[in-house]
Amino acid sequence: MALFTKAVKGTQDVLPANSYKNRFLENTLLDIASNFGFKEIRTPVFEHTELFARGVGDTTDVVQKEMYTFLDKGGRSITLRPEGTAGAARAFLEHGLFNEPLPQKVCYITSCYRYEKPQSGRYREFHQFGVEVFGTPSPAADAELISLANEIFAFLGIDDLTLEINSIGCPKCRAEYHKALKAYFESYKEELCGTCLDRLERNPMRILDCKSPICSKIAAEAPVVLDYLCDECKEHFEKVKSYLDALNIEYKINPKIVRGLDYYTKTVFEFVSSNEKTAGLVCGGGGRYDGLIEELGGQHTPSLGFAMGLERLLSVIEAQGIELPGEQKCDIYIASIGDKASLKAAGICTDLRAEGVGAQFDIAGRSVKAQMKYADKIGAKFTCVIGDDDIEKGEVAIKNMENGEKTVLALDTFTDDFSSMWVQSAANALADSLSNEDFASLDINNLMGGLK
Ligand code: HAM
């Protein structure tokens with residue numbers, strides 16, 4: 001097939017066979033965040049370029065090399081968001097959310113755009129689940145965010161991620177650290193890439209996350225920021241660690257984490273996969289950004305957050321062989337013979353759907369044999385065939401496609417009768433899939449309410 005065009009490099013289609021996983025994941029993330037008090041925020045997909053240049057930092061790889069920036073028809077420089085924090089911070093300021101009780105806790109699921117070299121787990125359009133807490137300097141908040149991430153991984157059954165933490169200090173300790181970095185990189189001036197030569201003068205820390213192989217080799221031996229922390233930052237980091245210990249959250253201190261965005265201060269962290277299929281993949285990361293709100297024109301507002309890459313989470317889930325629930329199945333397929341029966345099938349389906357049952361009938365004008373083949377392919381749990389005789393008799397036999405059992409239902413009370421059967425069979429299937437212990441801990445009333 002000669003295609004007119006294909007999807008742009010670095011972008012992905014989520015096809016119908018898989019989209020239920022994204023939906024389940026997104027709902028789960030938002031639900032768990034909500035239990036921690038986070039409310040969803042939605043910001044535009046594009047912003048004025050200066051927001052990212054100022055917020056993310058104009059010496060970062062993201063701003064210097066990876067942004068999708070264009071002039072709109074009014075001649076304004078516009079950028080597709082490369083990440084979610086800057087937009088959330090702008091909205092926090094623009095809408096006076098600082099007047100609401102602090103800390104303000106927001107979460108989001110967004111598409112992000114970075115012109116990176118596409119490879120496994122790295123896309124040019126990708127999706128982030130992120131959380132931001134505006135207005136707290138307390139180390140308890142740092143631990144709370146990490147605990148939220150941990151809860152998400154535990155709920156999803158992901159157990160092969162390592163939490164790596166570091167502190168990259170405040171502007172005070174950073175000044176000393178920059179001097180040390182400058183002295184170190186000066187001796188490699190001949191080998192650094194052009195961008196890093198400029199960074200050497202303006203922001204030597206950014207050389208540490210340059211993706212050029214030569215720069216990253218030189219950076220591997222550079223001094224680490226943890227050795228330059230001021231007393232306040234040291235104490236803050238110690239307190240974050242004591243909260244993590246108290247919450248039994250395992251972590252590894254990685255003094256090399258500096259993160260690729262300029263706004264970070266103090267605590268930074270990443271979740272790194274240790275699964276052999278996705279080893280080294282960073283599934284999420286974040287940290288404190290105590291100066292960002294001020295940088296964008298607000299009052300001093302210590303803040304922090306993290307984001308997870310949804311595509312990366314899904315690949316870790318797949319690597320671990322975790323099955324996500326929620327694949328949309330057809331609860332009943334109502335085949336029909338003739339026009340009168342087709343009208344009846346359409347009516348029954350409408351009534352069943354109003355009761356929350358996934359019901360389908362033939363909308364392609366096919367033979368009954370082809371209808372049944374289709375029902376089988378879409379995985380219908382029950383089927384029935386309505387013909388003129390059945391309408392006359394006022395009853396029809398439905399078939400459980402798993403065990404072949406047939407049950408005759410009156411057409412007049414079909415919706416009510418089938419709905420009760422369906423709830424019962426869903427409850428049986430759930431009970432079969434649970435251990436005794438799980439079953440004992442279930443709130444059955446609540447469960448039955450949910451099934452209905
Ligand atoms: P980030 O580390 O640049 O941080 O991105 C967060 C996560 O997005 C990464 O850990 C990764 O899972 C995913 N990600 C990043 N780039 C790509 C890509 N090209 N393809 C696929 N996934 C990717 C931030 O964006 C910060 N805004 C996080 C944050 C929120 N910090 C504080 N609050």
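Q: What do buried, partly exposed and exposed mean here?
A: Buried means under 20% relative accessible area, exposed means over 50%, and partly exposed is the range in between. The model discussed here is a predicted one.

Q: Which residue does the side chain of E176 meet in a salt bridge?
A: The partner is K179, with an N to O distance of 3.3 Å. K179 is exposed, since its relative accessible area is 56%.

Q: How are K179 and E176 placed in the helix?
A: Both belong to helix α6, which covers residues 171-186. They are three residues apart, so about one helical turn separates them.

Q: Stepping back, how many helices and strands are in the protein?
A: The protein has 17 helices and 16 strands. Its C-alpha atoms fill a box of roughly 90 × 55 × 45 Å along the principal axes.

Q: And how much of the protein counts as buried?
A: The figure is 46% of the 452 residues.

Q: What share of the contacts comes from residues 24 or more positions apart?
A: Among contacts with a separation of 6 or more, such residues account for 69%.

Q: Back to salt bridges: how many does the structure hold?
A: The structure holds 27 of them. In general, side chains of opposite charge can pair when their charged atoms come close.

Q: Which residue does R199 meet in a salt bridge?
A: The side chain of R199 meets that of D61, at 2.5 Å from N to O. R199 is in helix α7 (residues 194-202) and D61 is in helix α3 (residues 61-66), so this pair ties together parts that are 138 residues apart in sequence.

Q: Are those two buried or exposed?
A: R199 and D61 are both buried.

Q: Which residues are linked with R199 and D61 in a network?
A: The network of salt bridges links D61 and R199 with K65, E66, E116, R122 and K211.

Q: What about D209, which residue does it form a salt bridge with?
A: D209 pairs with R206, and their closest N and O atoms are 2.7 Å apart. D209 counts as buried because its relative accessible area is 18%, under the 20% cut-off. R206 is also buried, with a relative accessible area of 2%.

Q: Changing topic, how many positive and negative charges are there, and how far apart are their mean positions?
A: The protein has 50 positive and 67 negative charges, and their mean positions are 6 Å apart.

Q: Which residues form a positive surface patch?
A: R366, K369, K373 and K377 form one. Of these, K369 lies in helix α13, residues 368-377. With a relative accessibility of 68%, K369 counts as exposed.

Q: And which ones form a negative patch?
A: D351, E355, D416 and D417 form a negative surface patch. D351 is located in helix α12, residues 339-354. Its relative accessible area is 43%, so D351 is partly exposed.

Q: Now the inside: where is Q128 found?
A: Q128 is part of strand β6, which covers residues 125-134. It counts as buried because its relative accessibility is 9%.

Q: What is Q128 in contact with, leaving aside its neighbours within four places in sequence?
A: Its contacts include E83, G84, Y108, I109 and T110. Also among them are C112, R114, A307, M308 and L310.

Q: One backbone matter: which residues does a cis peptide bond join?
A: It joins L102 and P103, with omega at about 0°. P103 sits in the loop between α4 (85-94) and β5 (104-113).

Q: What is the phi of R259?
A: Phi of R259 is near 65°, which is a positive value in a residue other than glycine. R259 lies in the loop between β8 (252-253) and β9 (265-273), and it is buried, with a relative accessible area of 15%.

Q: And what about the phi of K266?
A: Phi of K266 is near 50°, again a positive value in a residue other than glycine. K266 is found in strand β9 and is buried, with a relative accessible area of 8%.

Technical notes: Residues numbered from 1 in each chain as written. Predicted model: local features only at pLDDT ≥ 70, side-chain atom pairs only at ≥ 80, totals over all residues. Heavy atoms only, no water. Patch = residues over 30% accessible without salt bridge, like charges linked within 9 Å, V, L, I, M, F, W, Y side chains within 5 Å. Areas by Shrake-Rupley, 256 points an atom, 1.4 Å probe, with all protein chains shown as cover. Salt bridge = Lys/Arg side-chain N within 4 Å of Asp/Glu carboxyl O. Lys, Arg positive; Asp, Glu negative; His and termini not counted. Charge placed at Lys NZ, Arg CZ, Asp CG, Glu CD. Helix = DSSP H or I, 4+ residues; strand = E, 2+ residues; numbered from the N terminus. Buried < 20%, exposed > 50% of the residue type's maximum accessible area, 1.4 Å probe, protein only. Contact = heavy atoms within 4.5 Å.
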